[in-house]
Amino acid sequence: MVKKKRSAPSKTSIFLNGKFVGYHPDGKSLANRLRERRRMNELNSQVNIYYAQRLNELHILTDKGRVRRPYIVVENGKSRLAPEVMARIKNNELSWGHLIKMGIIEYLDAQEEENTFVAINEKDLTPEHTHLEVDPANLFGVVAGVLPYPEHNSSPRITMGCAMAKQSLGIYTTNFRQRYDTRGYVMYYPQQPLVQTSLYKALNLKQKAAGQNCVVALTSYHGYNMADAIVVNKSSIDRGLHRITMFKTYETEERMYPGGQKDKIELPTPDVVGYRGEIVYRHLGEDGIIIPESEIKSKDVLVGKTSPPRFLEEISVFGTVEEKKRESSLSLKAGESGRVDSIVVTEGPSGNRLVKVRVRSIKIPEIGDKLASRHGQKGVIGLLVPQEDMPFTKSGIVPDLIVNPHAIPSRMTAGHLLETLGGKAACMGGIIANGTAFSGNTEDEYKEILKKAGFQEYGEEVLYDGTTGKKIISKIFIGTIYYQRLHHLVSNKMHVRSRGPVQLLTHQPTEGRAREGGLRFGEMERDCLIGYGASMLIKERLLEESDKTIQLICTECGSIATHDYARNRDICPICQCESVEPVEMSYAFKLLLDEIKSLYIFPRIKLRDKG
Amino acid sequence: MKSKKQSVGIPPFEAVGVICAQSIGEPGTQMTMRTFHYAGVAEHVPTGLPRLIEIVDAKKEPKKPIIDMYLKKSYTKNRAECERVAKELSSVFISDVADVEDDLEKLVIKVIFNEKDGKAQGITFAMVKKAVEDFGESKTIDHTVIIKPSKEIKKAKKISTTTSNKKEKEPKVMTAKAVRKLTNKVRDAIVRGVVGIHKAVVIKGNDEYFIRAGGFNIIGACMNPAIDQDRIYTNNIKEMERVYGIEAARNSIVKEMKDVLDMQGLFVDIRHIMLIADAMTYCGTVKSIGRHGLSGEKIGVLGRAAFEETIKHLINACALSEEELLVGVTENIIVGQTVPVGTGKIKLIMKNKKK
């Protein structure tokens, strides 16, 4: 069967927010008339009208949840935002709201956009056009609009640049001193970028800057910046480059327990169950709360707290109930250190006494910390070099960072280079350069400034090797570019274990950094060793280095036997015999045997001499 | 010569199976990523990972069974002749060339021959008539066959299927329901061609023509005198096993797997594939890899329990008082011993008596 093409019905169906309301003989002209009335402010500016030619349907949309964006209305190929209107705006006579009321600017939703023909630039306008883009840079959103020169970069790098800008550390809020965020990072000397976009200025982001302008040389350095590593000038770091304070808030509460018992914030006495020794409590005041500005190391107690016992005590010999308190102090996590910044004692949501302790620690950039420019060019610090060993220019400028040139060509981030050039020109010209998409300063403008300042116009300079003092033969591209420090700090991630805690149930090593755990030697890793035939190594990984135990096995009945310490002999609890042998096995296997027993299956282990 | 042999040979206690699994599994991960881009293409023969899974699971019938039939020498060069054979082979149903209606009042089935469709398929009215003969007495009125379903035939069929005499006491009169049922059977009756073979196409291979068709009925296809019985192949492994035996099934597993991997541009040493094929066929029938096949037949209880359906295996082992002999790899890892593979297999046979 051939499907017949259905012709559009002759009458236009009208829909209001998706609900059919009636017919109209000519939907297209009705749509135009409705839009005209909206522009005359007779209809609310939030109403959108969409005419579907093919289905001959007219949709009038007034409901919530439609994403809308502004356009300049165009009439007969002429923008309604005429020069005389522009003049009035400049005189502060008109605001954005006025422009909407006057029908010069209107917001369109995704549906109405289907009926438009939008020009990007005013000079492209033809009589067919219905709208004009307010600014071509508007096609980028809020985050991408802050990145300089996105039109010179490949799109995946813009996406990455956006993602990383969100991870940058700067001043996240201006009232950080008053806040008790669980985690907060504040930069020591944040700078506004030398190359900014109009959106950056409009959002006034320099108030909350998140990065610093660094002198960056594009070259290699003894292989320490291979594969996206960055070589950093140690002396710059000593001067405070990318230095950050980390605030971390710890909190504890005096909880209530059923039975009228309560936690108590106090200095624990040595008779408390689980007392951790005098040293960890050394900074606590009489009230059990730590004294501000005391320097603390890992596992030091911040707030001393005791809890009632977990189970009701039995009545002792003397007939008195001996209340033994349990230690439940709040202490610093393993591997962390810093100073107590401030303390708040308040009431928690359930009316209990709540103590919050804010700990501050300085995070100086170190090898392994992550830095990124605003062009998706990220890297970790690979080496810290003292200033005397860094290359320098004839004017004595030493770069802060050395980035490997291999990072550029395959990723096609020309914007990175242009920003470097622009940053250099901005330094020399004493300006803030404009890197707005499609309308920013051009390469030629930068060249002009650099030329006037006595620099090579392409930004390349002769560098001298810091260690030998010899001239480096090739010229090296060097300039100033905004770099951000991202919140992936090694000090928060680094983790090693050779010995450590094990799980109670399986006797296998714990998992995760917070529990000082081991890395899992998984099934596929195991398969690789089997494939290699390295059975001794498998045994070492899976038994010796994990949950090895020696269990006593009864040779008669094959069940697990015990050692009777009172009589100092091994005995099988099932058949009461003493023919018991020690057997090496994994604790997990012993657990498996126990679990099989719980299934009403009795596993026997038959012992045999190993050949 | 000797050194060549040594370098090619597999050392004793090499974990051949694991290496085989890894060698196929690793390219398999790359395949998943690539093949799923083709999803949605119509008339798509499963390739890549889905097909590989089909083979390994020893499915009764592949999603798209294909049969390749080569012709006897005298036919191979002549395309027209091949087309004729292809037409003979591909099955044509009654419903393809005629409208089948049931008249429930008179309890008859009308088969109205459509000349136009018939001509396109090269089917004559006589052929249709012959095809419906079995269903009962038929009358012919101007390109229409009217069948009066006869009971005898129905009875005869019943006996052959159930072999019980209980069912012989059938109502004397055909019920409307039975007629309906029979009508559907008439629709699916074959006018010409081989059961299960359809859409036969002539393809030019290496300097000869051969016929490729959907379906897998090897024996049916061999009935055609033009077909070379020694050169017929289907991607249905179970059918290969049924007709040609287990060795052929093994070879077709190897071929099918290799074809899939080659199509993806992946290279896997043929010996790995052969090992899989051997493992699937060594016991005489094609077995799948997995719970119902190979892994389900491991000796050790712990090994089986570690794979799938843990509790079922444990309970069964308990009921049968099974003994775990610790011969497998998994079992030994669970217990915490060296695995009997590679280094772990080497044992001291005799200890020095002097200590």
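Me: Which residues does Asp181(A) touch, not counting those up to four places away in sequence?
Reply: In this predicted model, Asp181(A) touches Tyr172(A), Lys248(A) and Thr249(A) once residues up to four places away in sequence are set aside. Contact here means heavy atoms within 4.5 Å.

Me: Where is Asp181(A) found?
Reply: Asp181(A) sits in the loop of chain A between α4 (155-165) and β10 (183-187). Helices (H or I, at least four residues) and strands (E, at least two) are DSSP runs, numbered from the N terminus.

Me: With which side chains does the side chain of Asp181(A) make a polar contact?
Reply: One partner is the side chain of Tyr172(A), at 2.7 Å. Another polar contact, of 3.0 Å, joins the side chains of Asp181(A) and Arg179(A). A polar contact is a pair of N or O atoms within 3.5 Å; within protein, one must be able to donate a hydrogen and the other to accept it, and residues adjacent in sequence count only if both atoms are side-chain atoms.

Me: What conventions apply to the numbering and the model?
Reply: Residues are numbered from 1 along each chain as its sequence is written, and chains are lettered from A and ligands numbered from 1 in the order in which they are written. The model is predicted, so local features need pLDDT of at least 70 and side-chain atom pairs count only at pLDDT 80 or more, while totals for chains, interfaces and linings use all residues; side-chain values use heavy atoms, with hydrogens and water left out.

Me: Staying in chain A, what is the phi of His222(A)?
Reply: His222(A) has a positive phi of about 50 degrees although it is not a glycine. Most residues other than glycine have a negative phi. His222(A) lies in the loop between β12 (212-218) and β13 (229-233) of chain A.

Me: Does His222(A) count as buried or exposed, and why?
Reply: His222(A) counts as exposed because its relative accessibility is 58%. Buried means under 20% relative accessible area, exposed over 50%, and partly exposed in between (1.4 Å probe, protein chains only).

Me: And what about Met412(A)?
Reply: Met412(A), which is not a glycine, has a positive phi of about 55 degrees. Met412(A) is in the loop between β26 (401-403) and α7 (414-429) of chain A, and it counts as exposed because its relative accessibility is 53%.

Me: Turning to the interface, how many residues does the contact take from chain B and chain A?
Reply: The contact takes 23 residues from chain B and 25 residues from chain A. The area buried between chain B and chain A is about 1900 Å², and carbon and sulfur atoms give 70% of it. Buried area is the accessible area (1.4 Å probe) that two parts lose on being put together, summed over both.

Me: How many salt bridges does the rule find there?
Reply: The rule finds one salt bridge across the interface of chain B and chain A. A salt bridge between Lys606(A) and Glu323(B) joins their side chains (3.5 Å, N to O). The rule requires a side-chain nitrogen of Lys or Arg within 4 Å of a carboxyl oxygen of Asp or Glu. Seven residue pairs are in polar contact across the interface of chain B and chain A (both at pLDDT 80 or more).

Me: Which elements give two or more residues to the side of chain B that touches chain A?
Reply: They are α2 (16-35), α15 (310-319) and α16 (329-335) of chain B. The largest share, five residues, comes from α16(B).

Me: What are the buried residues of helix α11 of chain B?
Reply: In helix α11 (residues 237-244) of chain B, the buried residues are Ile237(B), Glu239(B), Met240(B) and Glu241(B). These buried residues pack against α3 (48-56), α10 (218-222), β10 (227-234) and α12 (246-263) of chain B.

Me: What is found at the start of α11(B) and just after it?
Reply: At the start of α11(B), a side-chain oxygen of Asn236(B) reaches to within 3.1 Å of the backbone nitrogen of Lys238(B). Just after α11(B), Gly245(B) takes a positive phi of about 100 degrees.

Me: Finally, what does the secondary structure of chain B come to?
Reply: The secondary structure of chain B comes to 16 helices and 10 strands. Of the 355 residues in chain B, buried residues make up 39%.
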